[in-house]
Amino acid sequence: MHSNDRTKPRKPRALNSSSSSSSETLTLMPKMARKSLLQSTVATIFLVFGLYGLFTTFFNPINPHNSRLDLSLPLDSPSRSLSLLSTKSGEHLSEFSRNSGPVKVFMYDLPRKFTYGVIESYAVARGGLEKVPVDDVSALKYPGHQHSGEWYLFSDLIREDRDERFVVRVSDPKKADLFYVPFFSSLSLVVNPIRPANGDDAGPGYSDEEMQESLMEWLEQQENWKRNNGWDHVFICQDPNALRLIVDRVKNGILLVSDFGRLRSDTASLVKDVILPYAHRIRSYSGEIGVEDRKSLLFFMGNRYRKEGGKIRDLLFQILEEEDGVIIKHGAQSRESRRMASQGMHSSKFCLHPAGDTPSACRLFDAIVSLCVPVIVSDQIELPFEDVIDYRKIAIFVDSTSAVKPGFLVKKLRKITGQRILQYQREMQQVTRYFEYEYPNGTVSEIWRQVSMKLPLIKLMINREKRLVRRETTEPDCSCLCSNQSEIRTIL
C-alpha cells in the first residue's frame with residue numbers, strides 16, 4: 001500500500017498555472033534590476049560626499065576669521081577673550097574681546113609722598129638721609145624686604161624699554177583699561193622702626209594711618225575713580241596689614257596680595273584679585289641638581305612662636321628638634337640669619353614651610369629658588385600663578401593634623417627616593433623664573449599677565465553694577481567667589 005503510493009505518478013501541473021508563474025518572473029526581473037541600480041547610485045553619491053567632506057576637513061580647514069567661534073586662541077594670550085560683554089548698545093562682543101593687543105594701563109602720577117617720599121621717610125627714620133627731598137630720585141634705594149613687589153612693578157612701568165606683551169602704559173587716561181595706584185603701602189607700614197637709630201620714640205612724624213587716609217581722599221577726587229567706583233583700579237598691598245584701614249573702600253579694585261589670611265571673603269577672592277609671591281630673601285642656588293651634597297633631611301629656620309594658624313610651629317619644633325637629620329632653628333630676620341638659612345637650604349633635601357601669622361611666608365620661595373623641596377604644612381595657603389604652576393610637582397603638602405603626629409613627617413620624607421627628589425628639583429628648575437622679580441621674563445611679567453586676565457571680569461562688574469538696583473542685604477553677593485575656606489583641622 002505504501003509502496004504503491006511512493007511509485008504513483010504525480011499529476012502534471014496545469015499549463016495555465018505554469019505560464020502564469022513564468023510571466024510573473026519575467027515581469028519582476030526588470031523591476032529588481034532598476035531597484036539595484038538605484039541603490040548603487042545612491043550609495044555612490046553618499047560615498048562621493050563622504051570623501052569630499054573628509055578631504056575638506058583635513059586639507060582645507062575652516063578659516064578662523066569666518067567661523068563663528070575661534071577655538072585657535074593661544075593659551076598665553078590673556079588679552080583675547082570670548083567675552084559676550086558689550087560696552088555699547090547693539091554690540092555682541094566687547095572691544096576687549098576683539099583686541100589682540102596688551103591691556104592699557106594708566107599709572108597715576110601720585111603726589112611724591114606716596115612713592116619716593118616713603119623711601120625717603122624710611123631712610124630718615126634710620127639716619128640714612130640728612131636732606132629731603134633728594135634732588136635726584138635715582139640716588140634713592142628701595143630697601144630690600146620680602147614685600148618689595150610694589151617697587152618692582154613701579155620700576156617696570158617707568159622703564160622705557162619694558163616688556164609690553166601683557167600690559168602697556170598709556171599717558172592718556174581716556175585710553176586706559178586699568179588704573180594702577182603705585183602707593184608703596186607695604187614699605188609705608190614699616191617706615192617707623194621698632195627701635196629708631198637715633199633713640200627717639202618714633203620716626204620723623206610719619207604716620208602710615210594718615211598716609212592711607214590721605215591717599216583715599218586724593219583718589220576720591222579723581223574722575224577716573226568716580227566713573228566706575230574703583231572697579232578698574234589696581235592696588236598692591238602685599239604685606240598682610242597694608243592698606244588695612246581703607247581696604248574696604250578699595251575692595252572693588254584688583255588687589256595684589258600675598259594671601260587672604262587677614263582679608264574677609266567679601267573683600268578679596270581668587271576671581272578678582274592676584275596672589276603674588278614674596279621676594280625671596282636668600283640667594284638662588286646656582287649648582288646642579290643632586291642629593292649627594294644635601295646631607296640634611298629637613299631644614300627650617302624662623303620664628304618658633306606665631307599667632308593664629310602659626311601656633312603649629314611650636315608643635316612642630318617639639319616633635320622635630322630631636323629627630324636625626326633634621327635642622328630646625330629659631331631665628332629672626334637679620335643678615336646673619338639669612339646667610340645661615342641660605343647655607344641650610346642649599347644643603348638640605350627638604351625645607352619645612354609651616355604657616356606663620358598668615359598662611360604664607362617668603363620661606364616657601366626661598367626654598368624653591370634653593371631647589372630644596374618645600375614641605376608645606378599650611379591648610380589655608382593660597383599660592384601664586386596656579387594656572388601655570390602645578391605645585392604638587394614641586395612641593396609636598398601635609399595636612400596639619402598628620403604633621404603634628406610624632407614620627408609621621410620624618411617617616412614620610414625618608415620614604416621618598418633620591419630619584420623622586422631629583423624629579424622635584426627638575427620641576428623647580430622649570431618654574432624658578434616665576435619667583436625672580438629681577439628677571440626680564442620673571443615675576444613682574446607674570447603678575448601683569450595675571451592682571452590682564454582680570455579685565456573681562458572688571459568690564460562685567462562695571463556694566464553689572466550700573467544696571468543693578470542698590471539694595472541692602474545680609475546675603476553674600478553672587479559676584480564673590482571665596483578663596484580656600486577649608487579649616488585647619490588641628491586644635492591648637
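Visitor: In what order do the six strands of the open sheet lie, and what is the pairing?

Guide: The order is β2-β1-β3-β4-β5-β6, and the pairing is parallel. This is a predicted model, in which local features need pLDDT of at least 70 and side-chain atom pairs count only at pLDDT 80 or more, while totals for chains, interfaces and linings use all residues. Residues are numbered from 1 along each chain as its sequence is written, and side-chain values use heavy atoms, with hydrogens and water left out.

Visitor: What makes β2 and β6 the edge strands?

Guide: Each of them, β2 (167-169) and β6 (274-275), pairs on one side only. Strands are DSSP runs of E with at least two residues, helices are runs of H or I with at least four, and both are numbered from the N terminus.

Visitor: How do you know that β3 and β4 pair?

Guide: Two strands pair if DSSP finds at least two bridges between them. Three bridges join β3 (residues 178-181) to β4 (residues 233-236), and the two run parallel. One of the partners is Val-234 in β4, which is bridged to Tyr-180.

Visitor: Which helix packs on the sheet, touching β1, β2, β3, β4, β5 and β6?

Guide: Helix α16 (residues 443-452) does, and its direction makes about 150° with that of β5 (254-257). Axes are lines fitted to C-alpha atoms, for helices over the stretch in contact (heavy atoms within 4.5 Å), and angles run from 0 to 180 degrees between N-to-C directions.

Visitor: How many aromatic pairs does a search of the whole structure find?

Guide: The search finds 18. Rings of Phe, Tyr and Trp (its six-membered ring) pair if their centres lie within 6.5 Å; planes under 30 degrees apart count as stacked, over 60 as edge-to-face and the rest as tilted.

Visitor: Why is the pair of Tyr-108 and Trp-218 called edge-to-face?

Guide: The ring centres are 5.4 Å apart and the planes stand at 90°, so the pair is edge-to-face. Tyr-108 lies in the loop between β1 and α4 (116-125) and Trp-218 in helix α7 (residues 208-219), so the pair ties together parts 110 residues apart in sequence.

Visitor: Why does Tyr-108 count as buried?

Guide: Buried means under 20% relative accessible area, exposed over 50%, and partly exposed in between (1.4 Å probe, protein chains only). Tyr-108 has 5% relative accessibility and therefore counts as buried.

Visitor: What makes the pair of Tyr-152 and Tyr-437 stacked?

Guide: The angle between their planes is 25°, with 5.2 Å from centre to centre. Tyr-152 belongs to helix α5 (residues 149-158) and Tyr-437 to the loop between α15 (418-431) and α16, so the pair ties together parts 285 residues apart in sequence. Tyr-152 is partly exposed at 23% relative accessible area, whereas Tyr-437 is buried at 6%.

Visitor: How do you know that the charged end of Arg-420 sits over the ring of Tyr-424?

Guide: The charged end lies 3.8 Å from the ring centre. A charge sits over a ring if NZ of Lys or CZ of Arg is within 6 Å of the ring centre and within 35 degrees of the ring normal. Arg-294 likewise lies over the face of Tyr-285, at 4.8 Å from the ring centre.

Visitor: Why is strand β9 called largely enclosed by the rest of the structure?

Guide: Seven of the seven residues of β9 (residues 348-354) are buried, so the strand is largely enclosed.
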